Amino acid sequence: MINQRFDQRLFKYLMPVLLLVFLDACGSAPPRQPTAIEQAGKADHAAHRALHDGDLMRARELFKQSMLLQQSLDNLPASAMAAINLSSVSHKLGDDGAALVLLDGILSDTTAQITPELRAAAAFRKGVILADAGKAVEAESAMAVANKECNRQCAFVSGINNLSARLALEKGDFPYALAIAKNVMNAGAEKVEQANAMRIAAAAEAALGQHEASLAHYQAALELDKELALSPRIAEDLKGIVKVLEKLGRKPEADIFAHRAETVIEAARLLPVNSAKKSLP
Amino acid sequence: MKLLADKDERFKSLFVKVSIFVLLAVLGVTLNLLFSGIKKGFFTPKSAIYFVAGTGQDIKVGMPVKLSGFKIGSATSLELDEKAQARVELMIENRYLPLLNEDAVVSLKKEGVIGDSILEARRGSEGGPQLKAGASIKFERSGGLEQIAQDLRDRLYPALDEINKLLKDANDPKGDVRQTLSNLRQFSADMQGTRARIDHMLGQIDEGIVNDVRPALRSVKQSAESTEAIIGKLNQEMPGLIKKTDASLDNVRQISETIKSAVDNSAPQLSGFLGETRGLVSDTRNIMDSASTSWPLKNIMQPPEQGMVRMDSHD
């Protein structure tokens, strides 16, 4: 009896010790990498964190640091990825010139170390930037490169298709734009591209006089963009709805949506995060 | 006759037990009230004193009366007397009443710039007769922000009026300024005529005139002598002034050197301090990063983003 009680007490004290040892074993430190690689990794992490926090200027500096560190280690794929990220942030900051220089640097690289996916990503981003700048012809040639390198196997294939639809829309080829957008919607793309496809489809339908369908697509895009919390897209959807409602002669409703769009644009503009960003639509 | 028989032992003497419980509760509440009352000074003997203010503005019933920062009483009533003045009754604790003299003054003040208003009592002249219960004392309002603003306004308004008047005079064609300017213009025109006449006279100068000019030359000589004297005085005082300036410059140089030396001494420490801070931040980040990738935090925290920044077709 005495022995049994002694065993229980020992067990009671031993358990937390064992648990601590077990936890310690679980939490052992990973092996250290060389300092320069760790620094590059840290800069990349910090840049992503800054981007997540909306500090675009800091993100730009850190991506640049990461790119230079990777270049100094002759790690071409990693430096290309950092350059693509840097170009994205530069574009967000409105510095399209710098972004295009970085992307051209990747696209003109003839070494085999740059993977087709990285080339496709660079070409896709170049196409987006050029399309935003209204340079449709150059954007189309960039899209051709993206399509060739991607070969319908990239993660952003729906983005490439949407960009083609956008360019068709800008050229006035509404049926083609609508067809591509519908393909993207039916392919079950990720939410952000689904919303983009719906917006393109809505704009094409509005141009083709299919106002009810356009309104439905704009409203569906609005729902998705609100889920994704993307202010510029929400404003774009609301403005699209206003245009369609006006064409349908529903002026009072159009006024309400116009007011909502103005509120979204004004509030987003007043946010300190957006002070350094390119202007809203 | 009881409807239900109390067989349970615990219900015996229930009425007595409940009564004791209720009584204890009542006693507790009463004692609590009593102690609170004592602490709040409800039972402290007080005496009334009065003062009359031109207006009852900012004076409120319940306002504390303080002497040397201690509360000695409060305002208990405020009423309008037959001369339309505010008559205020103060209840002063009896133990503090002897501290006030008959010429004591109560003034309305604010505790701090934006604090509550209080009535602050001043004792009055040393050795004067003590204030008695029911007596009246003097009251004055003193300098809150409003008073300062009022004073400023009272001083600025006349100055502004004067400036306004001056500007009006300056703009008035018949005013002194315009008249003076007009006279000066006239004088200047006359002077041109005079100069022409002098030029003409100089052209016709002769010996007789030289004799007339001699007194004027003498006067000029006197002026030159005075100027010389002034320059001599300046020559005497200048070295002293230069010495003082040199001393000031030396002081400035010393201060500059002291600052430079302080900066030189602290710069390495500052650099070390910054380095240590950077190291500390780096270590902390390492710890946090390691902790966030270990169990159980890795299940709670979101994994850090890496790879390619997302960009869609509408970015």
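The model is a predicted one.

Helix α4 of chain A covers residues 76-92, and its 17 residues reach 24 Å from the first C-alpha to the last, close to the 24 Å expected at 1.5 Å a residue. Of these 17 residues, 13 are buried, so α4(A) is largely enclosed by the rest of the structure. Just after α4(A) comes Gly94(A), which takes a positive phi of about 85°.

Helix α7 of chain A, made of residues 136-150, has 15 residues and reaches 20 Å from its first C-alpha to its last, which is close to the 21 Å expected at 1.5 Å a residue. Which residues of α7(A) are buried? They are Ala139(A), Ala142(A), Met143(A), Ala146(A), Glu149(A) and Cys150(A). When α7(A) is seen down its axis, these buried residues fall within an arc of 125°, so they line one face of the helix. The buried residues of α7(A) pack against two helices of chain A, namely α6 (116-132) and α8 (157-171), whereas the face turned away from the buried side carries the exposed residues Val137(A) and Lys148(A). Just after α7(A), Asn151(A) takes a positive phi of about 55°.

Of the 315 residues of chain B, 8% count as buried.

How are the strands of chain B arranged? They form a closed barrel of seven strands, which runs β1-β4-β3-β2-β6-β5-β7 with mixed pairing. From one strand to the next, the twist averages 35°.

| Strands of chain B | Sense | Bridges | Facing residues |
|---|---|---|---|
| β2 (residues 64-67) and β6 (residues 117-122) | parallel | three | Val65(B) and Leu119(B) |
| β5 (residues 105-110) and β6 | antiparallel | six | Val105(B) and Arg122(B) |
| β5 and β7 (residues 136-141) | parallel | four | Leu108(B) and Arg141(B) |

**Two loop residues of chain B**

Most residues other than glycine have a negative phi, and most peptide bonds are trans. Against that background, two loop residues of chain B deserve a look. Ser68(B) is found in the loop between β2 and β3 of chain B, and its phi is near 50°, a positive value in a residue other than glycine. Is Ser68(B) buried or exposed? Ser68(B) has 10 C-beta neighbours inside 10 Å and therefore counts as exposed, since the cut-off for an exposed residue is 12 or fewer.

Ala84(B) lies in the loop between β3 (70-80) and β4 (86-93) of chain B. The phi of Ala84(B) is near 60°, again a positive value in a residue other than glycine. With 8 other C-beta atoms within 10 Å, Ala84(B) is exposed. Although Ala84(B) and Gly54(B) are 30 residues apart along the chain, their C-alpha atoms are separated by 8.1 Å.

**Where the chains meet**

The contact between the two chains takes 23 residues from chain A and 13 residues from chain B. By class, the side of chain B that touches chain A has five nonpolar, five polar and three charged residues.

Conventions
Residues numbered from 1 in each chain as written. Chains lettered and ligands numbered in written order. Predicted model: local features only at pLDDT ≥ 70, side-chain atom pairs only at ≥ 80, totals over all residues. Expected span 1.5 Å × (residues − 1). Buried ≥ 20, exposed ≤ 12 C-beta atoms within 10 Å, placed from the backbone. Arc of directions from axis to C-beta. Contact = placed C-beta atoms within 7 Å. Nonpolar A, V, L, I, M, F, W, Y, C, P; charged D, E, K, R; others polar. Pairing = 2+ DSSP bridges. Axes fitted to C-alpha atoms, helices over the stretch in contact; angles between N-to-C directions.
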